[in-house]
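Trainee: Could you take one residue and go through it closely, and then show me how the chains meet? Please give the cut-offs as you go.

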Amino acid sequence: MAKHEHTAPPSDPALRVKALESLLLEKGLIDAKALDEIIDTYENKVGPRNGAAVVARAWVDADYKKRLLDDATAAIAELGFSGVQGEDMVVVENLPGLHNIVVCTLCSCYPWPTLGLPPVWYKAAPYRSRAVSDPRGVLDEFGVSLADDVEIRVWDSNAELRYLVLPERPDGTDGMSEDELAAMVTRDSMIGTGVIQAPK
Amino acid sequence: MNGVHDLGGMHGMGPIDPEANEPVFHNEWERRVFAVTIATFGGGNYHVDQFRHAIERMGAANYLSTSYYEHWLHMVETLMIETGAISRDELNAEQTKLAKEAS
């Protein structure tokens, strides 16, 4: 008896992408070396340490902070971070009584040059649906509890504009170097779903 | 135009469930989808609005039941076929060939 032949296209994403990649390579529409470079860049070179350097600089340099809040794209580029998905940046500053949180309700817009690629939860339906309607409940799920009188501003990113939160500098960090400060800055604190704990 | 992708304010999507120490990619096929997407996008095969629209055209049930990089995979397949760079028949044939080799 002849082996049953599956004629429907396979739905396994691993097989689908392998087929797509080999077809595009065969036609010369993509280059294997370029693919490796793309993966290496976003897996190893670009990430939230970049954003942390921006935040730490803003904490220690008042002039830089002013430039950052005036024209974030240019100020971030001063530190060498620019490019795809960071072309038009806005930095929003957390202050006593004001907390900012960033979402992309429509898809996944996120500042790649400063934060790297977004985590799964940022791109998934629960966060995207609820960040705009119940930010306090969302923050609670991240273990962040803000006083009732703290205003929360939610910023909905889009393909033309991406936001980075400038978190508050924690108390007790006066003697710290810029590098030590940068090491305290978490990814979530720059999305607004985290706050930075004061050193013990 | 609104649609299932327009998730702001929608109810019933469940807990956020952030993963601690999440890796950039969760498996090799996500890495490949990302690289193929950036390479074809960077190569000028389609622009960002086409990119988003191809995902927004996914059926609602399919959109909500598939992962982020599956959305991207659907998008690249769709746009490379629609722009004529490859054909659906060529892609199906390549998939069938690889499936046979793997079995």
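Mentor: P48(A) is partly exposed, with a relative accessible area of 26%; buried means under 20%, exposed over 50%, and partly exposed in between, with a 1.4 Å probe and protein chains only. The model is predicted, so local features need pLDDT of at least 70 and side-chain atom pairs pLDDT 80 or more, while totals for chains, interfaces and linings use all residues. Residues are numbered from 1 along each chain as its sequence is written, chains are lettered from A in the order in which they are written, and side-chain values use heavy atoms, without hydrogens and water.

P48(A) lies in helix α3 (residues 48-60) of chain A; a helix here is a DSSP run of H or I with at least four residues, numbered from the N terminus. Beyond its neighbours within four places in sequence, P48(A) is in contact with T114(A), L115(A), G116(A), R187(A) and M190(A), where contact means heavy atoms within 4.5 Å. T186(A) is 138 residues from P48(A) in sequence, yet their C-alpha atoms are 7.4 Å apart in space.

Now the meeting of the chains. The contact takes 48 residues from chain A and 50 residues from chain B. Together the two chains bury about 4600 Å², 69% of it on carbon and sulfur atoms; buried area is the accessible area (1.4 Å probe) lost when two parts are put together, summed over both. The rule finds 4 salt bridges across this interface, each a side-chain nitrogen of Lys or Arg within 4 Å of a carboxyl oxygen of Asp or Glu. E21(A) and R32(B) also meet in a salt bridge, at 2.7 Å from N to O.

Conventions
Helix = DSSP H or I, 4+ residues; strand = E, 2+ residues; numbered from the N terminus.
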